[in-house]
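Let's take a walk through a protein model together. Have the picture open and follow along as we go.

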Amino acid sequence: MCIRDRFKDEPALFLDYHEGYRQQVDKWPKNPLDIFIDELKKDKYKGFKIADFGCGEGRLQLDLEKAGHEKGLIKSFDVGKSADHVIQTDIASVPLENNSMDAGVFCLSLMGTNFPQFLREANRVLKRDGKLFVAEVLSRFADKNGDCKDFVRLV
């Protein structure tokens, strides 16, 4: 059984996962999600349609709407459902039209072995010249030279 099906059949597993994640985040000097939220609060992003891929609890959407972003423009997707506004789906196949979003966010959400499919899906839904925000642990994508050039080329 794949992880998506397990989270769907046993929602408590997803909640347990995110509780552990929350405990880890509390130990970090800076949460990359806070950096993305601060950036996306800027006036130049007002009116943007934003897809949050692997959103967890969907805090990006909540914080941006609280900061004045129009409700309905931000979509939060994750394999599990931890809040009412989160759309439970495989982020390799989200229910959005082609070229419909101004920005996409992957904040520590490229964990699946099929992460290239996640990136292709973001490419599908992003408008031409759309913005993609990615925060990941460097060691996950470092190539033999210790950099992440292969990953950047993939993106």
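Let's begin at D129, which sits in strand β5 (residues 126-135). Although D129 is not a glycine, its phi is positive, at about 70°. Is D129 buried or exposed? With a relative accessibility of 67%, D129 counts as exposed, because the labels work like this: buried is under 20% relative accessible area, exposed is over 50%, and partly exposed is in between (1.4 Å probe, protein chains only).

N99 also has a positive phi without being a glycine, in this case near 50°. You'll find N99 in the loop between β3 (86-88) and β4 (101-107). At 48% relative accessibility, N99 is partly exposed.

## What you're looking at

This is a predicted model, in which local features need pLDDT of at least 70 and side-chain atom pairs count only at pLDDT 80 or more, while totals for chains, interfaces and linings use all residues. Residues are numbered from 1 along each chain as its sequence is written, and side-chain values use heavy atoms, with hydrogens and water left out.

The protein has seven helices and five strands. Their order along the sequence is α-α-α-β-α-β-β-β-α-β-α-α. Both kinds of element are DSSP runs numbered from the N terminus: helices are H or I with at least four residues, and strands are E with at least two.

## Inside and outside

The protein has 155 residues, and 40% of them count as buried. Its accessible surface is about 9100 Å², with 51% of that belonging to carbon and sulfur atoms; this kind of area comes from the Shrake-Rupley method with a 1.4 Å probe, and for residues only the protein chains shown count as cover.

Now for contacts, meaning heavy atoms within 4.5 Å. Take those between residues at least 6 apart in sequence: 65% of them join residues at least 24 apart.

## A buried asparagine

Next, find N31, in the loop between α2 (11-25) and α3 (32-40). N31 is buried, with a relative accessible area of 12%. What does the side chain of N31 reach? It reaches the backbone nitrogen of L33, at 2.9 Å. That's a polar contact, a pair of N or O atoms within 3.5 Å; within protein, one must be able to donate a hydrogen and the other to accept it, and residues adjacent in sequence count only if both atoms are side-chain atoms.

## Charges that pair up

Side chains of opposite charge can pair when their charged atoms come close. The name here is salt bridge: a side-chain nitrogen of Lys or Arg within 4 Å of a carboxyl oxygen of Asp or Glu. How many does a search of the whole structure find? It finds nine salt bridges.

One of them joins the side chains of R59 and D63, at 2.9 Å from N to O. Both residues lie in helix α4 (residues 59-66), four residues apart, which is about one turn of the helix. R59 is partly exposed at 29% relative accessible area, and D63 is partly exposed at 21%. R59 and D63 also belong to a network of salt bridges with D34.

Another bridge links K44 with E39, at 3.8 Å from N to O, and K44 is exposed at 56% relative accessibility. D147 and K149 form a salt bridge too, with their closest N and O atoms 3.9 Å apart. Here D147 is partly exposed at 22%, whereas K149 is exposed at 53%.

## Rings that meet

Eight aromatic pairs turn up in a search of the whole structure. Rings of Phe, Tyr and Trp (its six-membered ring) pair if their centres lie within 6.5 Å; planes under 30 degrees apart count as stacked, over 60 as edge-to-face and the rest as tilted. Take F115 and F141: the ring centres are 4.9 Å apart and the planes are at 80°, so this pair is edge-to-face. The pair links distant parts of the chain, with F115 in helix α5 (residues 115-125) and F141 in helix α6 (residues 138-141), 26 residues apart. F115 is buried at 17% relative accessibility, and F141 is buried at 9%.

F141 also pairs with F151: their centres are 4.3 Å apart and their planes at 35°, so this pair is tilted. F141 lies in helix α6 and F151 in helix α7 (residues 149-154), so the pair ties together parts ten residues apart in sequence. Elsewhere, ring pairs link F36, Y45, F48 and F133 into a cluster.
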